[in-house]
Amino acid sequence: MIASERATAATKGRAKLWIDRTLAPFTTYVVSNSQHSADFLTGKGIVRDGRIVVIHNGIDPAAFELARGSQKRRTLGAVGELRPQKYYPEMLRAMAIIAETLPDSRLEIAGGKQTSEILAEIEPQIARLGLASNVIMHGRIDTVSTFLSNLDVFIHAAHHEGFPTAVME
């Protein structure tokens with residue numbers, strides 16, 4: 001059996017670490033996308049040395065256009081799954097401050113796997129902060145490279161990440 005570790009292992013919590021420890025003896029290899037997670041798993045004795053391989057996420061730089069910016073109004077943006085550690089509520093509070101000085105500025109958020117709990121927190125906050133005309137929620141997009149090239153500023157406000165693909169892009 002081969003297992004894959006994509007998360008920041010140090011932030012998993014007791015239940016998930018117990019599952020890892022329980023399944024580890026039945027696992028031939030673990031593939032991790034970061035050395036940090038690999039070191040954590042071997043350091044805690046969850047995975048034995050020699051049974052974990054690191055394969056970093058790959059990004060083809062040729063697939064990304066040179067940034068050209070929004071060309072119209074100041075556009076900030078973020079891309080990634082809508083999950084609590086991505087810090088979107090705080091990003092919206094920062095956007096409210098920016099919008100006071102630059103009222104025509106815009107925050108565009110693109111990302112899949114939108115959980116109802118995060119949307120239930122973010123959507124009312126956009127209205128409460130008066131940002132309905134400043135924030136665009138795109139949901140899942142197919143062309144991350146085009147989305148990023150149209151931004152003036154990219155924001156990555158996550159509390160923690162294993163190996164952030166969004167930053168590499």
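**View A. Strand S4 and helix H3 at the largest cavity.** Strand S4 (75-79) and helix H3 (88-101) each put at least two residues into the lining of the largest cavity; helices (H or I, at least four residues) and strands (E, at least two) are DSSP runs, numbered from the N terminus. This is a predicted model, where local features need pLDDT of at least 70 and side-chain atom pairs count only at pLDDT 80 or more, while totals for chains, interfaces and linings use all residues. Residues are numbered from 1 along each chain as its sequence is written, and side-chain values use heavy atoms, with hydrogens and water left out. The structure has 1 cavity of 30 Å³ or more, a cavity being a set of points on a 1 Å grid over the protein atoms alone where a 1.4 Å probe fits but cannot get out. The largest cavity holds about 60 Å³ of space, the volume being what probe spheres set on the points fill, with points joined across faces, edges and corners.

**View B. Who lines the largest cavity.** The lining is made up of Ala-78, Val-79, Lys-86, Tyr-88, Met-91, Ile-155, His-156, Ala-157 and Ala-158; lining residues have an atom within 4 Å of a point. Sorted by class, that gives 7 nonpolar, 1 polar and 1 charged residues (Ala, Val, Leu, Ile, Met, Phe, Trp, Tyr, Cys and Pro count as nonpolar, Asp, Glu, Lys and Arg as charged, the others, Gly among them, as polar).

**View C. Leu-107 in strand S5.** Leu-107 sits in S5 and, at 0% relative accessibility, counts as buried (buried is under 20% relative accessible area, exposed over 50%, partly exposed in between, with a 1.4 Å probe and protein chains only). Neighbours within four places in sequence aside, Leu-107 is in contact with Leu-76, Gly-77, Met-91, Leu-92, Met-95, Asn-134, Val-135, Ile-136 and Ile-155, contact meaning heavy atoms within 4.5 Å. One of these partners, Asn-134, is 27 residues away in sequence, yet the two C-alpha atoms are 6.0 Å apart. Met-91 and Ile-155, also on that contact list, turn up in the cavity lining as well.

**View D. Glu-108, a buried residue of S5.** Glu-108 belongs to strand S5 (residues 106-110) and is buried, with a relative accessible area of 12%. What does the side chain of Glu-108 make a polar contact with? The partner is the side chain of Arg-106, at 2.8 Å. A polar contact here is a pair of N or O atoms within 3.5 Å; within protein, one must be able to donate a hydrogen and the other to accept it, and residues adjacent in sequence count only if both atoms are side-chain atoms. Setting aside neighbours within four places in sequence, Glu-108 touches Thr-75, Leu-76, Gly-77, Ala-78, Ile-136, His-138 and Phe-147.

**View E. Ile-98 on helix H3.** Ile-98 lies in H3 and is partly exposed, at 28% relative accessibility. Residues up to four places away in sequence aside, Ile-98 touches Leu-76 and Ser-105. Leu-76 is also in contact with Leu-107 and with Glu-108.

**View F. Helix H2 and its buried face.** In H2 (residues 35-43), the buried residues are Ser-37, Ala-38, Phe-40 and Leu-41. Down the H2 axis, these buried residues fall within an arc of 160 degrees, so they line one face of the helix; the arc is taken from the directions from the helix axis to the C-beta atoms. After H2 comes Gly-45, with a positive phi near 75 degrees.

View G. Val-47 is placed in the loop between H2 and strand S3 (52-54), and at 8% relative accessibility it counts as buried. Neighbours within four places in sequence left out, Val-47 is in contact with Val-30, Leu-41, Thr-42 and Ile-52. Leu-41 is one of the buried residues of H2. Val-47 and Arg-21 are 26 residues apart along the chain, with 7.8 Å between their C-alpha atoms.

**View H. Two serines of helix H5.** Ser-149 is found in H5 (residues 144-149) and is buried, with a relative accessible area of 2%. A polar atom of the Ser-149 side chain lies 3.0 Å from the backbone oxygen of Thr-146. Ser-145, also in H5, is buried too, at 15% relative accessible area.

**View I. The whole chain, for orientation.** The protein chain has 6 helices and 7 strands, running β-α-β-α-β-β-α-β-α-β-α-β-α along the sequence. Of its 169 residues, 36% are buried. Among contacts between residues at least 6 apart in sequence, 73% join residues at least 24 apart.

Terms used
On a 1 Å grid over the protein atoms alone, a cavity is a set of points where a 1.4 Å probe fits but cannot get out, and a pocket is an open set with protein on both sides within 12 Å along at least five of seven lines; lining residues have an atom within 4 Å of a point.
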